Amino acid sequence: MTEYKDRGVLVAMSGGVDSSIAAYLLKKAGCSCMGTTMRLYNNEDVGLSPGHTCCSLRDIDDAAAVAARLGIPYTVLDFTMDFREQVIDKFIRVYEAGGTPNPCIDCNRWLKFDRLIEFAFGKGLDCVATGHYARIEKDEKNGRYLLKKACDESKDQSYVLYMLSQQQLAHIIFPLGDMTKTQTRALARQLGFVNADKHDSQDICFVPDGDYVKFMERETGKHYPEGDFLDLDGHVVGTHAGAVRYTIGQRKGLGLAMGRPVYVCAKSMEDNTVTVGPEEALRSRRLMAEDFNWISISGPDESDPDWSITVTARTRYHQKEQAARAYMDPDGPGRVIVEFDQPQRAVTPGQAVVLYDGDLVVGGGTILKTLPEE
């Protein structure tokens, strides 16, 4: 941390233990810190009780208490309009289009590491720090900033940070990248922080009960109607409660008696149908991704039509990485094909595919669709 001495740092403080310890470590290292909490929505506006623990007054109180304990200035930033436009509205659009969104990635992209950096610069500060478990290093040979996994791989959050640009990486600090969660909590207890044993948030912050369809219906005023369950041959095998309610790979809650377990294999939002089949029908070796962001490399060599890179890849947050090869889609500029060595289960449009080289994040993008075998 000593390399950050005398730097001005805006610390994003959620009210949780991780960001609180991040602020402590930076203050201890001699940084000039300012704490901030982003107000992303009003609880009542998204159907939550005023006392709910996420984005509640308690979170703000906890963050403010830690900031006061550290003797650093603290402010609350109202990003409710930005959050609605960049995260909530997209969340609804992706579900209605048949995908499964990842709102945490969009929040990181547009708010934590866009609006916060803008605010920090406006205050004459150099960097933004968060309590994410990941690491940033600079490759002195080529000048690129590198995003790396956390030392504690059980808490690694590099998957949801793949979208960071070189400009953003140059102005971000992750103080917890070399720590374990156990160490973080132990230090918070030692310091007597009010949130030392506060539970981590596990759910989508604006849909904490998990009923995202109820949330969407309240937001849009729509009702998502029933439709047909189809088997792999297109035969009607039952009635579903609305295609938007199902995700690829889902088994529970289908209400179908077909003599063997079946899973959601595909959806047609136009026809409001959900196709089910055996687990083996969920597996695919190839996917197409768009909106790709490269980190450890500047990007593909577009002058070489045979360009490819050998990587490991994840298509879900906590998935074990799988051996794969990535190359450019010859029919779609900017799109990337990822071909796995072994078939992968339930690759889902709307989720992210993130490429790794050891502990380095090579890059990542949004899954558009799976592809048949060539």
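Leaving aside its neighbours within four places in sequence, which residues is Lys 198 in contact with? The views below start there. This is a predicted model, where local features need pLDDT of at least 70, side-chain atom pairs count only at pLDDT 80 or more, and totals for chains, interfaces and linings use all residues. Residues are numbered from 1 along each chain as its sequence is written, and side-chain values use heavy atoms, with hydrogens and water left out.

**View A. Lys 198 and its contacts.** Beyond four places in sequence, Lys 198 touches Gly 15, Gly 16, Arg 58, Asp 59, Asp 62 and Arg 185; contact here means heavy atoms within 4.5 Å. Lys 198 sits in the loop between helix H6 (181-191) and helix H7 (212-220). Helices (H or I, at least four residues) and strands (E, at least two) are DSSP runs, numbered from the N terminus. With a relative accessible area of 12%, Lys 198 is buried (buried is under 20% relative accessible area, exposed over 50%, partly exposed in between, using a 1.4 Å probe and protein chains only). A polar atom of the Lys 198 side chain lies 3.1 Å from the backbone oxygen of Gly 15.

**View B. A salt-bridge network.** Here Asp 18, Lys 155, Lys 181, Arg 185 and Asp 200 are linked by salt bridges. The rule asks for a side-chain nitrogen of Lys or Arg within 4 Å of a carboxyl oxygen of Asp or Glu, and by it the count comes to 28 salt bridges. Arg 185 also turns up among the contacts of Lys 198 in View A.

**View C. Arg 84 meets Glu 219.** In this salt bridge the closest N and O atoms are 2.5 Å apart. The pair ties together distant parts of the chain, 135 residues apart, with Arg 84 in helix H3 (residues 80-96) and Glu 219 in helix H7. Arg 84 is partly exposed at 27% relative accessibility, and Glu 219 is partly exposed too, at 24%.

**View D. Asp 156 meets Arg 314.** Their side chains form a salt bridge at 3.3 Å, N to O. Asp 156 is in the loop between strand E6 (145-149) and helix H5 (166-169), while Arg 314 is in strand E13 (residues 308-314), 158 residues apart. Asp 156 is buried at 3% relative accessibility, and Arg 314 is buried at 7%.

**View E. Arg 285 meets Glu 339.** The closest N and O atoms of this salt bridge are 3.7 Å apart. Arg 285 belongs to strand E12 (residues 283-294) and Glu 339 to strand E15 (residues 336-345), 54 residues apart. Glu 339 counts as buried, at 16% relative accessibility.

Methods:
Polar contact = N/O pair within 3.5 Å; in protein donor to acceptor, adjacent residues only side chain to side chain.
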